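Colleague: I am new to this structure and would like to learn how to read it. Could you walk me through it step by step?

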Amino acid sequence: MRIFHEQVCTGPESATYAPARKLTRRALLRNVGSVALAAVSSPLYAQHGTMGLVSPPVRLDDVWLVDQTGKNRLLSDLLLQNVTALQTIYTGCSSVCPLQGALFNAVQDRISLIRTRYPLQLISIGIDPLSDSPPALQEWLKRFQAGPAWKAATPTLRDVDRMRTALSGSPLPLGNIADHSTQIYCFDAKGMLRWRSADLPRADDVCDVLRALART
(Lines give C-alpha, C1' and ligand atoms only; values in the text may rest on other atoms or scores of the structure.)
Protein backbone atom coordinates (compact mmCIF):
# COMPACT_ATOMS: atom_id res chain seq x y z
CA MET A 1 0.00 0.00 0.00
CA ARG A 2 2.85 2.39 0.77
CA ILE A 3 4.02 2.27 -2.85
CA PHE A 4 0.64 3.34 -4.17
CA HIS A 5 0.23 5.94 -1.45
CA GLU A 6 3.53 7.49 -2.48
CA GLN A 7 2.48 7.45 -6.13
CA VAL A 8 -0.52 9.55 -5.26
CA CYS A 9 1.17 11.80 -2.71
CA THR A 10 4.55 12.48 -4.25
CA GLY A 11 4.03 12.18 -8.01
CA PRO A 12 3.55 15.02 -10.50
CA GLU A 13 0.16 15.79 -8.94
CA SER A 14 1.63 16.43 -5.51
CA ALA A 15 -0.54 19.53 -5.31
CA THR A 16 -3.35 17.09 -4.67
CA TYR A 17 -2.24 17.01 -1.08
CA ALA A 18 -1.86 20.69 -0.39
CA PRO A 19 -3.93 21.93 2.57
CA ALA A 20 -7.62 21.59 1.73
CA ARG A 21 -9.30 24.77 0.53
CA LYS A 22 -12.47 26.05 2.18
CA LEU A 23 -15.48 26.23 -0.12
CA THR A 24 -18.87 27.66 0.64
CA ARG A 25 -21.88 25.98 -0.89
CA ARG A 26 -22.13 28.83 -3.40
CA ALA A 27 -18.48 28.41 -4.35
CA LEU A 28 -19.06 24.69 -4.77
CA LEU A 29 -21.93 25.31 -7.16
CA ARG A 30 -19.91 27.86 -9.09
CA ASN A 31 -16.49 26.24 -9.25
CA VAL A 32 -16.33 22.54 -8.48
CA GLY A 33 -18.72 21.53 -11.22
CA SER A 34 -16.80 23.42 -13.88
CA VAL A 35 -13.50 21.93 -12.71
CA ALA A 36 -14.83 18.40 -12.85
CA LEU A 37 -16.54 18.94 -16.20
CA ALA A 38 -13.27 20.10 -17.71
CA ALA A 39 -11.97 16.52 -17.61
CA VAL A 40 -12.61 14.16 -20.51
CA SER A 41 -14.08 10.71 -20.02
CA SER A 42 -14.61 7.76 -22.31
CA PRO A 43 -17.89 7.98 -24.28
CA LEU A 44 -18.06 4.25 -24.86
CA TYR A 45 -19.44 2.84 -21.64
CA ALA A 46 -21.80 3.86 -18.88
CA GLN A 47 -19.20 3.44 -16.16
CA HIS A 48 -17.40 6.47 -17.58
CA GLY A 49 -20.46 8.68 -17.41
CA THR A 50 -21.29 12.27 -16.64
CA MET A 51 -19.16 14.46 -14.37
CA GLY A 52 -19.70 17.43 -12.11
CA LEU A 53 -22.69 18.58 -10.10
CA VAL A 54 -25.78 16.38 -10.32
CA SER A 55 -28.71 18.70 -10.89
CA PRO A 56 -31.31 17.91 -9.82
CA PRO A 57 -29.86 15.54 -7.21
CA VAL A 58 -30.64 11.85 -7.69
CA ARG A 59 -31.81 9.25 -5.21
CA LEU A 60 -30.59 5.81 -6.25
CA ASP A 61 -32.98 2.87 -6.09
CA ASP A 62 -32.59 1.12 -2.78
CA VAL A 63 -30.68 -2.17 -2.93
CA TRP A 64 -29.43 -4.71 -0.42
CA LEU A 65 -25.71 -4.96 0.15
CA VAL A 66 -23.52 -7.16 2.32
CA ASP A 67 -20.91 -5.18 4.20
CA GLN A 68 -17.43 -6.17 5.34
CA THR A 69 -18.81 -7.64 8.56
CA GLY A 70 -21.26 -9.91 6.71
CA LYS A 71 -24.26 -7.80 7.70
CA ASN A 72 -27.07 -7.14 5.20
CA ARG A 73 -27.53 -3.39 4.77
CA LEU A 74 -29.84 -1.27 2.66
CA LEU A 75 -28.04 1.35 0.60
CA SER A 76 -30.32 4.03 2.04
CA ASP A 77 -29.39 3.04 5.59
CA LEU A 78 -25.71 3.33 4.76
CA LEU A 79 -26.12 6.78 3.27
CA LEU A 80 -28.65 8.57 5.48
CA GLN A 81 -27.36 11.02 8.09
CA ASN A 82 -23.86 10.86 6.61
CA VAL A 83 -22.14 12.77 3.84
CA THR A 84 -20.55 10.11 1.70
CA ALA A 85 -17.85 9.65 -0.91
CA LEU A 86 -18.43 6.35 -2.71
CA GLN A 87 -16.18 4.47 -5.12
CA THR A 88 -16.61 1.24 -7.09
CA ILE A 89 -13.84 -1.36 -6.91
CA TYR A 90 -13.33 -5.07 -7.09
CA THR A 91 -10.99 -6.78 -4.69
CA GLY A 92 -9.25 -8.90 -7.34
CA CYS A 93 -8.21 -5.81 -9.33
CA SER A 94 -4.48 -5.16 -9.60
CA SER A 95 -4.52 -2.17 -11.97
CA VAL A 96 -6.47 0.96 -11.02
CA CYS A 97 -8.11 -0.30 -7.82
CA PRO A 98 -4.94 0.04 -5.71
CA LEU A 99 -4.77 3.66 -6.85
CA GLN A 100 -8.38 4.09 -5.80
CA GLY A 101 -7.56 2.63 -2.40
CA ALA A 102 -4.64 5.02 -2.02
CA LEU A 103 -6.87 7.92 -3.01
CA PHE A 104 -9.42 7.07 -0.31
CA ASN A 105 -6.58 6.63 2.17
CA ALA A 106 -5.52 10.21 1.45
CA VAL A 107 -9.10 11.49 1.65
CA GLN A 108 -9.52 9.63 4.95
CA ASP A 109 -6.54 11.47 6.43
CA ARG A 110 -8.10 14.81 5.51
CA ILE A 111 -11.72 14.32 6.50
CA SER A 112 -10.69 13.45 10.04
CA LEU A 113 -9.69 17.12 10.37
CA ILE A 114 -12.90 18.57 8.92
CA ARG A 115 -15.50 19.87 11.37
CA THR A 116 -18.95 19.63 9.83
CA ARG A 117 -22.64 19.39 10.62
CA TYR A 118 -22.86 15.77 9.46
CA PRO A 119 -20.42 12.85 9.78
CA LEU A 120 -18.27 12.16 6.74
CA GLN A 121 -17.74 8.62 5.49
CA LEU A 122 -16.15 6.66 2.66
CA ILE A 123 -17.70 3.59 1.05
CA SER A 124 -15.99 1.16 -1.32
CA ILE A 125 -18.59 -0.78 -3.32
CA GLY A 126 -17.48 -4.16 -4.62
CA ILE A 127 -18.74 -4.73 -8.16
CA ASP A 128 -17.80 -8.41 -8.42
CA PRO A 129 -20.34 -10.11 -6.13
CA LEU A 130 -18.90 -13.56 -6.83
CA SER A 131 -15.52 -12.55 -5.37
CA ASP A 132 -16.09 -9.46 -3.23
CA SER A 133 -17.12 -11.40 -0.11
CA PRO A 134 -17.02 -9.95 3.43
CA PRO A 135 -13.53 -11.44 4.07
CA ALA A 136 -12.28 -10.01 0.78
CA LEU A 137 -13.74 -6.60 1.67
CA GLN A 138 -12.13 -6.76 5.11
CA GLU A 139 -8.77 -7.48 3.51
CA TRP A 140 -9.28 -4.59 1.08
CA LEU A 141 -9.93 -2.16 3.94
CA LYS A 142 -7.02 -3.49 5.96
CA ARG A 143 -4.70 -3.16 2.98
CA PHE A 144 -5.34 0.58 2.81
CA GLN A 145 -5.44 1.17 6.56
CA ALA A 146 -9.14 2.04 6.63
CA GLY A 147 -10.48 3.56 9.81
CA PRO A 148 -14.03 3.41 11.19
CA ALA A 149 -15.32 6.04 8.75
CA TRP A 150 -14.41 3.87 5.74
CA LYS A 151 -16.74 0.97 4.99
CA ALA A 152 -17.11 -1.55 2.17
CA ALA A 153 -20.11 -3.44 0.84
CA THR A 154 -21.18 -5.53 -2.15
CA PRO A 155 -24.60 -5.52 -3.85
CA THR A 156 -26.25 -8.70 -5.04
CA LEU A 157 -25.48 -10.08 -8.48
CA ARG A 158 -28.98 -9.03 -9.53
CA ASP A 159 -28.48 -5.40 -8.49
CA VAL A 160 -24.82 -4.64 -9.17
CA ASP A 161 -25.12 -3.56 -12.82
CA ARG A 162 -28.23 -1.50 -12.11
CA MET A 163 -26.41 0.31 -9.34
CA ARG A 164 -23.33 0.97 -11.49
CA THR A 165 -25.45 2.40 -14.30
CA ALA A 166 -27.38 4.65 -11.91
CA LEU A 167 -24.12 5.95 -10.45
CA SER A 168 -22.76 6.75 -13.89
CA GLY A 169 -25.80 8.74 -15.02
CA SER A 170 -25.42 7.34 -18.52
CA PRO A 171 -27.86 5.19 -20.51
CA LEU A 172 -24.99 3.50 -22.33
CA PRO A 173 -24.23 -0.18 -21.65
CA LEU A 174 -21.64 -1.22 -19.11
CA GLY A 175 -18.28 -2.41 -20.40
CA ASN A 176 -15.86 -5.00 -19.09
CA ILE A 177 -15.43 -5.02 -15.32
CA ALA A 178 -11.70 -4.39 -15.76
CA ASP A 179 -12.58 -1.05 -17.35
CA HIS A 180 -14.80 0.05 -14.48
CA SER A 181 -15.13 3.67 -13.48
CA THR A 182 -12.67 5.30 -11.11
CA GLN A 183 -15.02 8.20 -10.46
CA ILE A 184 -15.98 9.24 -6.95
CA TYR A 185 -19.68 9.78 -6.21
CA CYS A 186 -20.64 12.17 -3.40
CA PHE A 187 -23.95 12.00 -1.54
CA ASP A 188 -25.52 14.45 0.88
CA ALA A 189 -26.94 13.52 4.29
CA LYS A 190 -30.35 12.80 2.72
CA GLY A 191 -28.80 10.09 0.57
CA MET A 192 -29.01 12.14 -2.62
CA LEU A 193 -26.27 11.87 -5.25
CA ARG A 194 -24.90 15.40 -5.69
CA TRP A 195 -21.55 15.12 -7.48
CA ARG A 196 -19.66 12.85 -9.86
CA SER A 197 -15.92 13.37 -10.16
CA ALA A 198 -13.58 12.85 -13.06
CA ASP A 199 -11.76 9.53 -13.08
CA LEU A 200 -9.22 9.35 -10.24
CA PRO A 201 -9.87 12.88 -8.99
CA ARG A 202 -7.64 14.91 -6.71
CA ALA A 203 -8.11 14.15 -3.04
CA ASP A 204 -8.53 17.85 -2.31
CA ASP A 205 -11.42 18.12 -4.78
CA VAL A 206 -13.22 15.24 -3.07
CA CYS A 207 -12.67 16.83 0.34
CA ASP A 208 -13.90 20.21 -0.90
CA VAL A 209 -17.16 18.65 -2.06
CA LEU A 210 -17.65 16.66 1.14
CA ARG A 211 -16.98 19.74 3.23
CA ALA A 212 -19.51 21.82 1.30
CA LEU A 213 -22.19 19.12 1.38
CA ALA A 214 -21.72 18.56 5.11
CA ARG A 215 -22.43 22.21 5.84
CA THR A 216 -25.76 22.42 3.99
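Modeller: Gladly! Keep in mind that this is a predicted model. Let us begin with Gln-81, which sits in the loop between α3 (75-79) and β4.

Colleague: What is the phi of Gln-81, and how should I read it?

Modeller: The general idea is that most residues other than glycine have a negative phi. Gln-81 is not a glycine, yet its phi is positive, about 70°. Another case is Gln-145, again not a glycine, with a positive phi of about 55°. Gln-145 belongs to the loop between α5 and β6.

Colleague: Are these residues buried or exposed? I mean Gln-81 and Gln-145.

Modeller: Gln-81 has a relative accessible area of 53%, so it is classed as exposed. Gln-145 has 54% relative accessibility and therefore also counts as exposed.

Colleague: And what about Ala-146, where is it found?

Modeller: Ala-146 is in the loop between α5 (134-143) and β6 (150-155). Its relative accessibility is 26%, so Ala-146 counts as partly exposed. If you set aside neighbours within four places in sequence, Ala-146 is in contact with Gln-108 and Leu-141.

Colleague: Next, peptide bonds. Which residues does a cis peptide bond join?

Modeller: As a rule, most peptide bonds are trans. Here a cis bond joins Ser-55 and Pro-56, with omega about 0°. Look for Pro-56 in strand β1 (residues 52-58).

Colleague: Now the strands. How many residues of β5 are buried?

Modeller: In strand β5 (residues 120-126), 7 of 7 residues are buried. To read a strand, follow which way its residues point. Leu-120, Leu-122, Ser-124 and Gly-126 point one way from β5, while Gln-121, Ile-123 and Ile-125 point the other way, and all of these are buried.

Colleague: How many bridges join β4 to β5, and how do these strands run?

Modeller: Strand β4 (residues 83-89) is joined to β5 by 7 bridges, and the two run parallel. As a landmark, find Ala-85, which stands opposite Leu-122 in β5. To get from β4 to β5, the chain passes through helix α4 (residues 97-111), and this β-α-β crossover is right-handed.

Colleague: And how many bridges are there between β5 and β6?

Modeller: There are 4 bridges between β5 and β6, again in the parallel sense. One landmark is Ile-123, whose bridge partner in β6 is Lys-151. Here the chain crosses from β5 through α5 to β6, and this β-α-β crossover is right-handed.

Colleague: Last topic: which residues touch the most other members of the largest nonpolar core?

Modeller: The general idea is that in soluble globular proteins, nonpolar side chains tend to be buried together. In this model the largest nonpolar core has 33 residues, and Ala-85, Val-107, Ile-111, Cys-186 and Leu-210 touch the most other members. At least two core residues come from each of β4, α4, β5, α5, β6 and α7 (203-214). With 7 residues, α7 supplies the largest share of this core. Apart from this core lies another, of 16 residues, including Val-54, Val-63, Leu-79 and Leu-167.

Colleague: Which residues is Val-107 in contact with, leaving aside neighbours within four places in sequence?

Modeller: Val-107 is in contact with Leu-122, Ala-203, Val-206, Cys-207 and Leu-210.

Notes: Residues numbered from 1 in each chain as written. Predicted model: local features only at pLDDT ≥ 70, side-chain atom pairs only at ≥ 80, totals over all residues. Heavy atoms only, no water. Buried < 20%, exposed > 50% of the residue type's maximum accessible area, 1.4 Å probe, protein only. Contact = heavy atoms within 4.5 Å. Pairing = 2+ DSSP bridges. Right-handed = clockwise from strand over helix to strand, strands pointing away. Core = buried A, V, L, I, M, F, W, Y, C linked by side-chain atoms within 4.5 Å.
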